[in-house]
Amino acid sequence: MAFGRLERTPGPQPMSEINVTPLVDVMLVLVVIFILTAPLLASSIRLQLPRAEGAQPGTPAHAVMLVVDTAGQAYLDDEPLGADALAQRLRQIAAEAPDTEVQLRADTAVPYGRVVEVMGAAHAAGLQRIGFVTQPTDGAVQGTQK
């Protein structure tokens, strides 16, 4: 009998690098989630605002956004309301804060009569400050005019 050593093969060495595959999987899932939720964070009412030159609006102390889309539907802070519900909500806002500014956004395709109806509802509710939201013209530079 021969006495000797048994030859040992070295075992697997500990892995010292990070496994990147799960990290990439998590990042891709987060990217997909952000892509799906980003449009929801912006205003969901699509409008084509009229273009006008003028001063950039300041931010009032308290303001509500009143939107009239192409179908003539009125939205108060992105909530669709009928004529009676709109008038009641505007009266409630005027009772809480009479100096509230109504920022009116209306699509260019909305008939002028519908815009006047919405403005009349705001005025009848007691809200005197009404501002019109427009897009700047292509040639206008902020703060200067050509």
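1. The largest nonpolar core has 19 residues, and L66, L76, L86 and L90 touch the most other members. Such a core is a set of buried Ala, Val, Leu, Ile, Met, Phe, Trp, Tyr and Cys residues joined through side-chain atoms within 4.5 Å; buried means under 20% relative accessible area, with a 1.4 Å probe and protein chains only. At least two residues of this core come from each of strand 1 (63-68), strand 2 (74-76), helix 2 (83-96), strand 4 (101-106) and helix 3 (112-124). Helix 2 gives the largest share, 4 residues. Helices (H or I, at least four residues) and strands (E, at least two) are DSSP runs, numbered from the N terminus.

2. This is a predicted model: local features need pLDDT of at least 70, side-chain atom pairs count only at pLDDT 80 or more, and totals for chains, interfaces and linings use all residues. Residues are numbered from 1 along each chain as its sequence is written, and side-chain values use heavy atoms, without hydrogens and water.

3. Beyond its neighbours within four places in sequence, L66 is in contact (heavy atoms within 4.5 Å) with residues including Y75, L86, V102, L104 and V118.

4. Strand 4 is largely enclosed by the rest of the structure, because 6 of its 6 residues are buried. E101, Q103 and R105 point one way from strand 4, and V102, L104 and A106 the other way.

5. Strand 4 runs parallel to strand 1, with 6 bridges joining them; V67 stands opposite R105. Strand 4 also runs parallel to strand 5 (residues 129-132), through 4 bridges, and V102 has I130 as its bridge partner there.

Key. Buried means under 20% relative accessible area, exposed over 50%, partly exposed in between (1.4 Å probe, protein chains only). Two strands pair if DSSP finds at least two bridges between them.
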